[in-house]
Amino acid sequence: MTEQTLEKLRILAESAKYDVSCSSSGTVRRNSGGGVGNTVGGVGICHSFADDGRCISLLKVMLTNVCMYDCAYCINRRSNDIPRATLSVTELVELTMEFYRRNYIEGLFLSSGVVRNPDYTMERLVRVAKDLRTIHRFNGYIHLKSIPGASRELVSEAGRYADRMSVNIEIPNEQSLKYLAPEKDFESVYRPMGYIRQGVLESAEDRRKYRKAPRFVPAGQSTQMIVGASPERDRDILRLSSALYGTPTMRRVYYSGYVAVNTYDTRLPMLKQPPLVREHRLYQADWLLRFYNFKVDEIVDDSYPDLDLELDPKTGWALRHPELFPVDVNRADYEMILRIPGIGVKSAMLIINARRFRRLTSDHLRRMGVVMKRARYFITCGELQSACVADVSPEYVRRQLTAPSQRHLRKGAVHPDQLTLDFGS
Amino acid sequence: MKSGIFVFDGTWEGMLTAVFDAFSMKIQPQELVRIGAQLPIFADTIHEVQTDSGHAGRVWKGLTAKLQSEALAALTASFLSELEEMDMPIFRYIVKVFISQSGIERDFTDPDMLSVFSTARKVRGEKHRVLQFMRFQKAADGTYFGIMEPLYNVMPLTVAHFADRFADQKFILYDKRRGFGYYYDGDRPVEITMPENLSHISTGKLDSDIMDSDERLFQQMWKTYFKAIAIKERMNPRKQRQDMPVRFWKYLVEKQD
């Protein structure tokens, strides 16, 4: 470990940062046999937040940023003239252990450029994970990227050491993908995804027979799509996400607003700013799919192919369906309460528990954390009715909800579109 | 029930004893005051609660029989907030649990139930932040030293996590605000207090003469990584401060120059 390692770390973190996955969730593993580390499950732990506001949970780094591919959207494409570096397996293992022992990180998220051939690259990723688990008895979180084109044997070996694996789709449409990344197609993405899925399902089967059978990628797999580098609509992106969530092991789809890294490539749009608001709306829609029991066609369809940038997708849905409101919070079932704008999973839980004791009033709701500013147009609780969306008009409610608030106007500096919500951990 | 003022010693056992006294004396106190705090001028009947672990134990046993473990944990967590304004809600919460049918703890329309629930949520949030933002510095003797100033008394809630995670390393978790912490020697954590004038307690940083020789290099590596991982085109200091409040920065390696 020297100053040289430090420089390599800088280069390889710079190269890895456009991959947005950061989560350390999905596995519970207690430390065992005098080793180091555990994983906590639940929401995972973010150990820091970088200057761009994104969470730092895992040491997100590439083994090498040398790559034989030339994908238009990627900073590491072979035709780019950037500093290149390669960490040795020992260096990376030591770095992970030292960071982990200081409580800087939850574990490692390792990816790599493709050198020589996919199997050669994959083999070295597997070596890192294997050394961590077997030599250092590391029980922390390991997320491994599966290199497109790697053999089934290597993916199977990787899966024994990793908590999560991922293969990035990157471009949500095959034609666009081939256009921007001529060396890739959907087959090269879906095949390794299939290997991971099979591994997980087989291991689950084995564990039903033998309790001690080894676990395989216990936190499932994730993937990422770049938003705004190709012409796909939100409908196309979300339909693909929804289809992926329909497969047994897909836990997270990440959306990465395209950062114009290769401005010279004319196949890419000229963006001054990454499409952050659109990315944020996609995450909100993703949440509706995963936690609020929405179907993708309720969020976007052929008549509404894109998400509304001014309103969150749940409010957007509610305004398209004024006939379903007002909802009586004292009677409606949990599913319907979840669909009220301004009510989240936590306040919905409080509501269905508390209403067994007495009728809820708007004052109760406010205290329980319901955002009345939005919810008031969509609920009734047996009090004097304020303007419900069905009586006034969706257009009126829309104007009320999108008007910049007085506070924003006074402060001036903060744009109401400034993102404040978390995009996942 | 007659009414009055209870003075207790501010401990959890004291709180439980106060509940015991309220039932045995058939007095419902209007206010619960900690020893040394200003008494209200109109105080007429003042009862001094003599903390009694036997009585407290009986109340605790009753609570464990009536409450589910989730609600019990919320109750103790809300007490660890150390907020004096929570003393009365916690007291009334316990009394209500005893005099009503089971399930009362989920009545979030009751201000006492809701405030215990939401205070517990805040305390757990602070606990989670200790898990997130604790940073260890390696000392020359191999001990990892970590110090923080959490808002609530949450170190006791975190020590099991760290002892499991870092089972093979010696470490110190220290709460500077409350002047106590834990030392884990590779076997079990023990509570410790350290002199305030030790320089690593007052500054939060190990002096170079007791620091491991590689410590500075790894701090440097972490700072370098922290800078490199941010995407310039997406700078968002507001979100950074929201998720990692400035009050933690003092002890964060990556936020020091």
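Two residues are taken to be in contact if their C-beta atoms, placed from the backbone, lie within 7 Å. With that criterion, residues 24 or more positions apart account for 68% of the contacts in chain B with a separation of 6 or more.

A word on conventions. This is a predicted model, in which local features need pLDDT of at least 70 and side-chain atom pairs count only at pLDDT 80 or more, whereas totals for chains, interfaces and linings use all residues. Residues are numbered from 1 along each chain as its sequence is written, and chains are lettered from A and ligands numbered from 1 in the order in which they are written.

Let me stay with chain B. Its secondary structure comprises 9 helices and 8 strands; these are DSSP runs numbered from the N terminus, helices being H or I of at least four residues and strands E of at least two. The C-alpha atoms of chain B fill a box of roughly 65 × 45 × 40 Å along the principal axes. Of its 257 residues, 39% count as buried, that is, with 20 or more other C-beta atoms within 10 Å of their own C-beta, placed from the backbone.

How do helix 1 and helix 2 of chain B pack? Helix 1 (residues 12-25) and helix 2 (residues 53-66) of chain B meet at an angle of about 80°, their axes 8 Å apart. Axes here are lines fitted to C-alpha atoms over the stretch in contact, with angles from 0 to 180 degrees between N-to-C directions. The two helices of chain B are therefore roughly perpendicular, a term covering 65 to 115 degrees. Among the residues making this contact are B:Leu16 and B:Phe20 of helix 1 and B:Val59 and B:Trp60 of helix 2.

Turning to the interface, 43 residues of chain B are in contact with 47 residues of chain A. On the chain B side, helix 8 (215-228) is one of the elements giving two or more residues, and helix 8 gives the most, with 9 residues.

Finally, chain A. An automatic or database assignment gives domain 1 (3-220) and domain 2 (315-411) of chain A, whose C-alpha centres lie 42 Å apart. The buried residues of helix 2 of chain A include A:Leu92, A:Phe99 and A:Arg101. After helix 2 of chain A comes A:Asn103, with a positive phi near 65°.

Notes: Buried ≥ 20, exposed ≤ 12 C-beta atoms within 10 Å, placed from the backbone. Parallel < 35°, antiparallel > 145°, perpendicular 65-115°, else oblique.
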